Amino acid sequence: MSKEDRSRWDERYRVGDWLDIDEPATILTLAEAWLQPPGLALDAACGSGRNALHLARRGYTVIAVDISWEGLQRLARRARAEDLPIHIVHGDLERFQLKPDCFDLVLNTRFLLRRLFDVYRRALKPGGLLLFETLTVDEIDVLGGDIRREFALERGELKAAFSDFEILLYEEGVLEEPEGERGMARLIGKRRASRPSRRSHQRL
Ligand SMILES: C[S@@+](CC[C@H](N)C(=O)[O-])C[C@H]1O[C@@H](n2cnc3c(N)ncnc32)[C@H](O)[C@@H]1O
């Protein structure tokens with residue numbers, strides 16, 4: 001990410017131009033039934049942390065990563081005030097690597113960096129939950145939205161990217177969001193348990 005992009009996000013959080021609210025993303029409300037038992041969660045591109053706060057209040061320990069120092073400071077203040085287990089990481093996800101099999105939940109909302117599809121897949125424990133929702137090309141082609149095309153999912157792209165997951169919920173199209181209609185896709189999926197190794201297979 002360029003320095004200009006980073007400053008742009010800092011400025012947006014400073015002036016309150018981006019959802020600096022406590023209401024979590026729609027996908028978190030929809031995922032409620034699958035959120036037990038809590039464990040370790042990653043909130044990638046967490047912004048000012050509306051979702052990280054929600055997960056921590058639900059009992060998760062959250063690693064919250066973002067490039068915007070300003071957004072993270074807002075989150076840190078709120079987490080401290082409520083004594084919530086949120087660990088803040090100021091970093092660029094374009095260069096991020098994560099340990100394999102360590103997260104019970106990975107959350108990605110309103111953010112798209114395609115190299116992370118594989119990073120998330122590996123970082124989730126078998127049985128771990130992926131919650132992914134972001135804008136699609138419908139935002140541009142149907143609603144005339146002004147976003148860069150590279151930051152919009154193609155139609156069907158999210159489902160195809162995680163076709164090896166057990167899909168618990170998938171929605172795509174012009175969806176109703178708190179701020180109005182948006183061209184979006186959202187997926188709740190479980191990483192499947194690894195196949196048994198050849199050795200354990202032979203023992204059966
Ligand atoms: C639209 S906001 C979404 C914030 C949050 N996920 C939410 O739904 O409220 C996008 C966020 O991505 C962050 N971001 C953009 N590029 C990034 C990168 N390369 N690494 C980490 N964070 C990045 C921005 O700083 C911003 O906070």
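## Helix H3 and its surroundings

The buried residues of helix H3 pack against helix H2 (26-30), strand S1 (40-44), S2, H4, S3 and S4. Helices (H or I, at least four residues) and strands (E, at least two) are DSSP runs, numbered from the N terminus. Packing here rests on contacts: two residues are in contact if their C-beta atoms, placed from the backbone, lie within 7 Å. This is a predicted model: local features need pLDDT of at least 70, side-chain atom pairs count only at pLDDT 80 or more, and totals for chains, interfaces and linings use all residues. Residues are numbered from 1 along each chain as its sequence is written.

H3 spans residues 50-57, and seven of its eight residues are buried, so the rest of the structure largely encloses this helix. Buried means 20 or more other C-beta atoms within 10 Å of a residue's own; exposed means 12 or fewer; partly exposed lies in between, with C-beta atoms placed from the backbone. The buried set in H3 is Arg50, Asn51, Ala52, Leu53, His54, Leu55 and Ala56. Just after H3 comes Gly59, with a positive phi of about 105°.

## The sheet

Seven strands make up an open sheet. Their order is S3-S2-S1-S4-S5-S7-S6, and the pairing is mixed. Two strands pair if DSSP finds at least two bridges between them. At the edges are strand S3 (86-90) and strand S6 (166-177), each pairing on one side only. From one strand to the next, the twist averages 15°. Helix H4 (residues 69-82) packs on the sheet, where it touches strand S2 (61-66) and S3. The direction of H4 makes about 165° with that of S3. For such angles, axes are lines fitted to C-alpha atoms, for helices over the stretch in contact, and values run from 0 to 180 degrees between N-to-C directions.

## Strand S5 and its partners

Strand S5 (residues 124-135) and strand S7 (residues 180-190) run antiparallel and are joined by seven bridges. Thr134 has Ala185 in S7 as its bridge partner. Phe132 has Leu187 in S7. S5 is mostly covered, with nine of its twelve residues buried.

S5 also pairs with strand S4 (residues 103-109): six bridges join the two, which run parallel. Thr109 stands opposite Glu133 in S5. The chain passes from S4 through helix H5 (residues 116-123) to S5, a right-handed β-α-β crossover. Right-handed means that, with the strands pointing away from the viewer, the path from the first strand over the helix to the second runs clockwise.

## Two buried residues

Cys46 sits in the loop between S1 and H3. Cys46 is buried because 28 other C-beta atoms lie within 10 Å. Leaving aside residues up to four places away in sequence, Cys46 touches Asn51, Ala52, Ala64, Val65, Asp66 and Leu75. Between the C-alpha atoms of Cys46 and Pro85 there are 15 Å, and the two are 39 residues apart along the chain.

Ile86 belongs to strand S3. Ile86 counts as buried because it has 24 C-beta neighbours inside 10 Å. With residues up to four places away in sequence not counted, Ile86 touches Ala52, Ala56, Val62, Ala64, Leu75 and Ala79. Ile86 and Phe103 are 17 residues apart in sequence, and 14 Å apart in space from C-alpha to C-alpha.

## Backbone exceptions

Most residues other than glycine have a negative phi, and most peptide bonds are trans. Ala45 is not a glycine, yet it has a positive phi of about 55°. Ala45 lies in the loop between S1 and H3. With 21 C-beta neighbours inside 10 Å, Ala45 counts as buried.

Asp101, also not a glycine, has a positive phi of about 55°. Asp101 is in the loop between S3 and S4. Asp101 has 13 C-beta neighbours inside 10 Å and so counts as partly exposed. The Gln36 to Pro37 peptide bond is cis, with omega near -15°. Pro37 lies in the loop between H2 and S1.

## The ligand shell

There are 19 residues around the ligand, and Trp9, Ala45, Gly47, Ser68 and Leu93 come nearest. A residue is near a molecule or strand if its C-beta atom, placed from the backbone, lies within 6 Å of it. By class, the shell has ten nonpolar, four polar and five charged residues. Nonpolar covers Ala, Val, Leu, Ile, Met, Phe, Trp, Tyr, Cys and Pro; charged covers Asp, Glu, Lys and Arg; the others, Gly among them, are polar.
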